[in-house]
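Please examine the sequence and the model shown here before reading on.

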Amino acid sequence: MAHRIITQVVITGTRVLVRAFAEAYRQAAASQQYAKQVGSSNSPGMANNYASSGLTLDEACKILNVRPPQGGKTDMETVISRFKRLFDQNNPDQGGSFYLQSKILRARERIELEVREAAEAAEREAELKRGWKPKVWKD
């Protein structure tokens with residue numbers, strides 16, 4: 001009788017584990033498909049829409065209370081000053097929230113990423129307009 005109960009427990013436990021792993025695999029596959037669709041539907045410059053821990057540019061600007069970069073340009077002094085003030089206000093050692101502090105940090109990083117990518121794109125465009133002029137060394 002005891003061997004029958006043990007066998008049933010083992011079989012039931014195995015079924016539960018197999019179903020859990022199958023469901024986890026389905027969710028991972030669906031997540032991967034969604035990421036592919038989002039990445040392919042946007043332009044190459046927009047592939048980092050959820051960079052820096054899932055923050056969009058609009059969320060980052062709302063957190064720091066700054067305007068979104070227009071044409072890839074923004075007043076970084078304002079962004080940095082608001083970041084420093086909010087980051088210091090939410091210091092966990094002084095009764096602040098670590099969660100809010102990390103969100104503020106990710107918001108600053110997201111805005112910096114956007115500005116940096118826009119500057120790199122503008123630099124590439126300027127180089128394309130100038131044309132490629134290699135330096136040739138002659139002996």
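Helix H4 holds both phenylalanine 83 and phenylalanine 87, which stand 4 residues apart, about one turn of the helix. Helices and strands are DSSP runs, the former being H or I with at least four residues and the latter E with at least two, and they are numbered from the N terminus. A search of the whole structure, which is a predicted model, returns 1 aromatic pair. The ring centres of phenylalanine 83 and phenylalanine 87 are 5.2 Å apart and their planes meet at 35°, so the pair is classed as tilted. Under this scheme, rings of Phe, Tyr and Trp (its six-membered ring) pair if their centres lie within 6.5 Å; planes under 30 degrees apart are stacked, those over 60 are edge-to-face, and the rest are tilted. Phenylalanine 83 is buried at 9% relative accessibility, whereas phenylalanine 87 is partly exposed at 26%. Buried denotes under 20% relative accessible area, exposed over 50%, and partly exposed the range in between (1.4 Å probe, protein chains only).

The conventions of the model are as follows. Residues are numbered from 1 along each chain as its sequence is written, and side-chain values use heavy atoms, with hydrogens and water left out. In this predicted model, local features need pLDDT of at least 70 and side-chain atom pairs count only at pLDDT 80 or more, while totals for chains, interfaces and linings use all residues.

**Overall architecture**

The protein chain contains 5 helices and 0 strands, in the sequence pattern α-α-α-α-α. Of its 139 residues, 17% are buried. Among contacts between residues at least 6 apart in sequence, 57% join residues at least 24 apart; contact here means heavy atoms within 4.5 Å.

**Helices H4 and H5**

Two packed helices are described by the angle between their axes and the distance between the axes. Helix H4 (residues 76-89) and helix H5 (residues 98-130) have axes that come within 9 Å and cross at roughly 170°. H4 is therefore roughly antiparallel to H5. The axes are lines fitted to C-alpha atoms, for helices over the stretch in contact, and angles run from 0 to 180 degrees between N-to-C directions. Angles under 35 degrees count as roughly parallel, over 145 as roughly antiparallel, 65 to 115 as roughly perpendicular, and the rest as oblique.

On the H4 side, the contact involves Met76, Val79, Ile80, Phe83, Leu86 and Phe87, which meet Gln101, Ile104, Leu105, Arg108, Ile111, Glu112 and Val115 of H5. These residues divide into 10 nonpolar, 1 polar and 2 charged. For this division, Ala, Val, Leu, Ile, Met, Phe, Trp, Tyr, Cys and Pro are nonpolar, Asp, Glu, Lys and Arg are charged, and the others, Gly among them, are polar. Glutamine 101 is buried, with a relative accessible area of 10%. Beyond residues up to four places away in sequence, glutamine 101 touches Phe87, Asn90, Asn91 and Pro92.

**The nonpolar core**

Which residues touch the most other members of the largest nonpolar core? Of its 13 residues, they are Cys61, Leu64, Val66, Val79, Ile104, Ala107 and Ile111. H3, H4 and H5 each supply at least two residues of this core. Such a core is a set of buried Ala, Val, Leu, Ile, Met, Phe, Trp, Tyr and Cys residues joined through side-chain atoms within 4.5 Å.

Isoleucine 111, in helix H5, is buried at 1% relative accessible area. Its contacts, not counting residues up to four places away in sequence, are Leu57, Ala60, Cys61, Leu64, Val66, Thr74, Met76 and Val79. Alanine 60, in helix H3 (residues 57-64), is buried at 0%. Leaving aside neighbours within four places in sequence, alanine 60 is in contact with Ala107, Arg110 and Ile111. With the corresponding exclusion of residues up to four places away, cysteine 61 touches Val66, Arg67, Pro68, Pro69 and Ile111.

The table lists C-alpha separations for residue pairs.

| Pair | Separation in sequence | C-alpha distance |
|---|---|---|
| Alanine 60 and lysine 103 | 43 residues | 8.5 Å |
| Isoleucine 111 and valine 79 | 32 residues | 8.3 Å |
| Alanine 122 and glycine 71 | 51 residues | 9.7 Å |

**Residues with greater accessibility**

Alanine 122 lies in helix H5 and is partly exposed at 45% relative accessibility. Asparagine 65 is placed in the loop between H3 and H4 and is exposed at 57%. Although not a glycine, asparagine 65 has a positive phi of about 55°.
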